[in-house]
Amino acid sequence: MSKRDYYEVLGLTKSATKEEIRKAYRSLSKKYHPDLNKEPDAEEKFKEVTEAFEVLSDESKKANYDQFGHADPNQGFGGFGGFGGGGGDGFGFEDIFSTFFGGSARRRDPNAPRKGNDLQYTMTIDFMDAVFGKQTEIEIPREEACGTCSGSGAKKGTTPETCNHCGGTGQISVTQNTPLGQMVNRRACHHCQGTGKIIPEKCETCHGSGRVTHRKKIKVTIPAGVDDGQQLRVSGQGEEGYNGGPAGDLYIVFSIRPHEKFIREDDDIYLELNLSFPQAALGDEIEVPTVHGNVKLKIPAGTQTGTNFRLRGKGVQNVHGRGIGDQHVVIKVVTPKKLTEKQKELLREFASIDGNTPEEYSSSLFDKIKRTIKGD
């Protein structure tokens, strides 16, 4: 099945900004995260959304995708199968080089050291751990050299032999007749699978591959202020290299569990705070929870639903060290659903009072209402 368009996956158009891409990913990754969504296809959709975000959030990858889509720009030049390839029945760069210049292009040594594959790990963490950071340990499966044969793939006490079909080069030449004359096409040797070596007796542990999968424990420092969807690169903790090459890297993608009270937007925190009618009308001084602990907040008389109080410096430390966000306290005035007869009587009295009633009388009535609703 062909891949869906990355913009379609995130529900965006090509004109989407980086912020719109990030917000779409945050919303969809929470929706489809396997820890939160138990639908059978949730995990596949989560991977699809993550892959789309990784491409579209990277400027160079996005530019490449916008131009070529899912197709690899290094593949497919008419019937020649692309430059740099050696597979298939088409002609590669080496074939053309040999035909027209009578020489041989440089081939990669199949036994040269190569870097190991990079790995990706999705780590689900609590809201507060994302805010303040944490030391933790994870366990990942990764390929490494087989300890039984030291990565050779050969049975203990034996060694691989040079492939006598390709002479240890890992490639064989095939001559083809074309309208332009004879052309030499070089392909990976199918006798040794391009390694240049044959293993007469295979290792019983790795069955000749020279690689085994083990689970490895890795200590990870979650940086304070990390946001949903952000990545942490752990150098050298990917799969082991080949033929003595360096190990790949581990990329940890963070998925943050929602908090029961706080909502995060970039480095700011939002909290919806319920106030009773007397508190909103008469004003009050209350304690408000923040990620840093409770603080006192003065509510002025006449506060309306939707009023936003800003607590500076009570948000999240920016993960790149660019300051600290704020906390926004958004007020919601709660109307009581059940009132006693006395409370109803006082409210009717309040509703019937003329707007020019002396301030002290109005204040006295407010005090009565406040005491009655609170049950004093």
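Which residues are buried in α2? Let's start there. By buried I mean under 20% relative accessible area, with exposed over 50% and partly exposed in between, using a 1.4 Å probe and protein chains only. In α2, the buried ones are I21, R22, A24, Y25, R26, L28, S29 and Y32.

Quick housekeeping. This is a predicted model, so local features need pLDDT of at least 70 and side-chain atom pairs count only at pLDDT 80 or more, while totals for chains, interfaces and linings use all residues. Residues are numbered from 1 along each chain as its sequence is written, and side-chain values use heavy atoms, with hydrogens and water left out.

Helices here are DSSP runs of H or I with at least four residues, strands are runs of E with at least two, and both are numbered from the N terminus.

Now, rings. Phe, Tyr and Trp rings (for Trp, the six-membered one) pair if their centres lie within 6.5 Å; planes under 30 degrees apart count as stacked, over 60 as edge-to-face, and the rest as tilted. The structure holds four aromatic pairs. Take Y25 and F53: the centres are 4.2 Å apart and the planes at 15°, so they're stacked. Y25 is in α2 and F53 in α3, so this pair ties together parts 28 residues apart in sequence. Both are buried. Then there's F127 with F262, also stacked, at 6.5 Å centre to centre and 25° between the planes. F127 lies in α6 (residues 127–132) and F262 in the loop between β9 and β10, so that pair ties together parts 135 residues apart. Ring pairs also link Y6, Y7 and Y65 into a cluster.

Last topic: cores. A nonpolar core is a set of buried Ala, Val, Leu, Ile, Met, Phe, Trp, Tyr and Cys residues joined through side-chain atoms within 4.5 Å. The largest has 33 residues, and M123, I125, I138, L250, I252, V288 and V329 touch the most other members. A second, separate core of 19 residues includes L28, Y32, F46 and V55. And L28 and Y32 bring us back to α2, where both are buried.
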